[in-house]
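Reader: I am new to this structure and would like to go through it step by step. May we begin with the sequence and the model?

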Amino acid sequence: MNKELFKAIRHDKGLTQKSYGERLGITGNTVSKIERGEARITDRIRIAVAQQFPITHDFLETYEAAEKLKSF
């Protein structure tokens, strides 16, 4: 998981950094740092995201397609 996907999940769910962090067991400040690339996404955070926000195949396809368009 990269910082862009981490942020895209938060936006898709309509969460603030604070509420996203609360659901993941981290602070809103940590969410902000991850999204800016100043902190890394640990295995514990990856697991929390997977448990809290089951990601659908459709969401991943849409996200991946959008990322590919950015490269053009």
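Author: A definition comes first: helices are DSSP runs of H or I with at least four residues, numbered from the N terminus. By that definition, Lys13 lies in helix α1. The model is a predicted one.

Reader: How many helices and how many strands does the chain have?

Author: From the N terminus on, the order of elements is α-α-α-α-α. The count for the chain is therefore 5 helices and 0 strands, with helices taken as DSSP runs.

Reader: What is the radius of gyration of the chain, and what does the globule rule give for 72 residues?

Author: Along its principal axes, the C-alpha trace spans about 35 × 25 × 20 Å. The globule rule gives 11 Å for 72 residues, and the value for the chain is close to this, so the chain is as compact as a globular protein of that length. The radius of gyration of the chain is 12 Å.

Reader: What share of the contacts with a separation of 6 or more comes from residues 24 or more positions apart?

Author: A contact here means heavy atoms within 4.5 Å. Among contacts in the chain with a separation of 6 or more, residues 24 or more positions apart account for 60%.

Reader: What percentage of the 72 residues is buried?

Author: A residue counts as buried when its relative accessible area is under 20%. The chain exposes about 4,800 Å², of which carbon and sulfur atoms supply 52%. Buried residues make up 31% of the 72 residues.

Reader: How far apart do the centres of the positive and negative side chains lie?

Author: The chain has 13 positive side chains and 10 negative ones. The centres of these two sets are separated by 7 Å.

Reader: Which helices do the buried residues of α1 pack against?

Author: Helix α1 covers residues 3-13. Its buried residues are Leu5, Phe6, Ala8, Ile9 and Arg10. They pack against α2 (17-24), α3, α4 (43-52) and α5 (57-70).

Reader: Is Ile9 buried or exposed, and which residues is Ile9 in contact with beyond its neighbours within four places in sequence?

Author: Ile9 has 2% relative accessibility, so Ile9 counts as buried. The C-alpha atoms of Ile9 and Asn29, which are 20 residues apart along the chain, are separated by 17 Å. Leaving aside neighbours within four places in sequence, the contacts of Ile9 are Met1, Tyr20, Val49, Phe53, Ile55 and Phe59.

Reader: What is found at the start of α1, and which residue just after α1 takes a positive phi?

Author: At the start of α1, a side-chain oxygen of Asn2 reaches to within 3.1 Å of the backbone nitrogen of Glu4. Just after α1, a positive phi of about 70° is taken by Gly14.

Reader: Which residues does Glu4 touch, not counting those up to four places away in sequence?

Author: Glu4 is found in helix α1. Its relative accessibility is 34%, and Glu4 therefore counts as partly exposed. Glu4 and Gly28 are 24 residues apart in sequence, and their C-alpha atoms are 16 Å apart in space. Not counting residues up to four places away, Glu4 touches Tyr63 and Glu67.

Reader: How far apart in space are Lys13 and Phe53, C-alpha to C-alpha?

Author: With a relative accessible area of 40%, Lys13 is partly exposed. Lys13 and Phe53 are 40 residues apart in sequence. From C-alpha to C-alpha, the distance between Lys13 and Phe53 is 8.6 Å.

Reader: Which side chain makes a polar contact with the side chain of Glu35?

Author: Glu35 lies in helix α3, residues 28-36. At 11% relative accessibility, Glu35 falls under the 20% cut-off and so counts as buried. Leaving aside neighbours within four places in sequence, Glu35 is in contact with Lys3, Phe6, Lys7, Arg10 and Gln17. The polar contact, at 2.7 Å, is with the side chain of Arg10.

Reader: Which side chain makes a polar contact with that of Ser32?

Author: Ser32 has its place in helix α3. Its relative accessibility is 13%, so Ser32 counts as buried. At 2.3 Å, the side chain of Ser32 makes a polar contact with the side chain of Arg36.

Reader: Is Asp43 buried or exposed?

Author: Asp43 is found in helix α4. Asp43 and Met1 are 42 residues apart in sequence and 9.8 Å apart in space, C-alpha to C-alpha. The relative accessible area of Asp43 is 56%, which is over the 50% cut-off, so Asp43 is exposed.

Note on methods: Residues are numbered from 1 along each chain as its sequence is written. This is a predicted model: local features need pLDDT of at least 70, side-chain atom pairs count only at pLDDT 80 or more; totals for chains, interfaces and linings use all residues. Side-chain values use heavy atoms; hydrogens and water are left out. Helices (H or I, at least four residues) and strands (E, at least two) are DSSP runs, numbered from the N terminus. The radius of gyration is taken over C-alpha atoms; the globule rule is 2.2 Å times the number of residues to the power 0.38. Buried means under 20% relative accessible area, exposed over 50%, partly exposed in between (1.4 Å probe, protein chains only). Accessible areas come from the Shrake-Rupley method with a 1.4 Å probe; for residues, only the protein chains shown count as cover. Lys and Arg count as positive and Asp and Glu as negative; His and the chain ends are not counted. The place of a charge is taken as NZ of Lys, CZ of Arg, CG of Asp or CD of Glu. A polar contact is a pair of N or O atoms within 3.5 Å; within protein, one must be able to donate a hydrogen and the other to accept it, and residues adjacent in sequence count only if both atoms are side-chain atoms.
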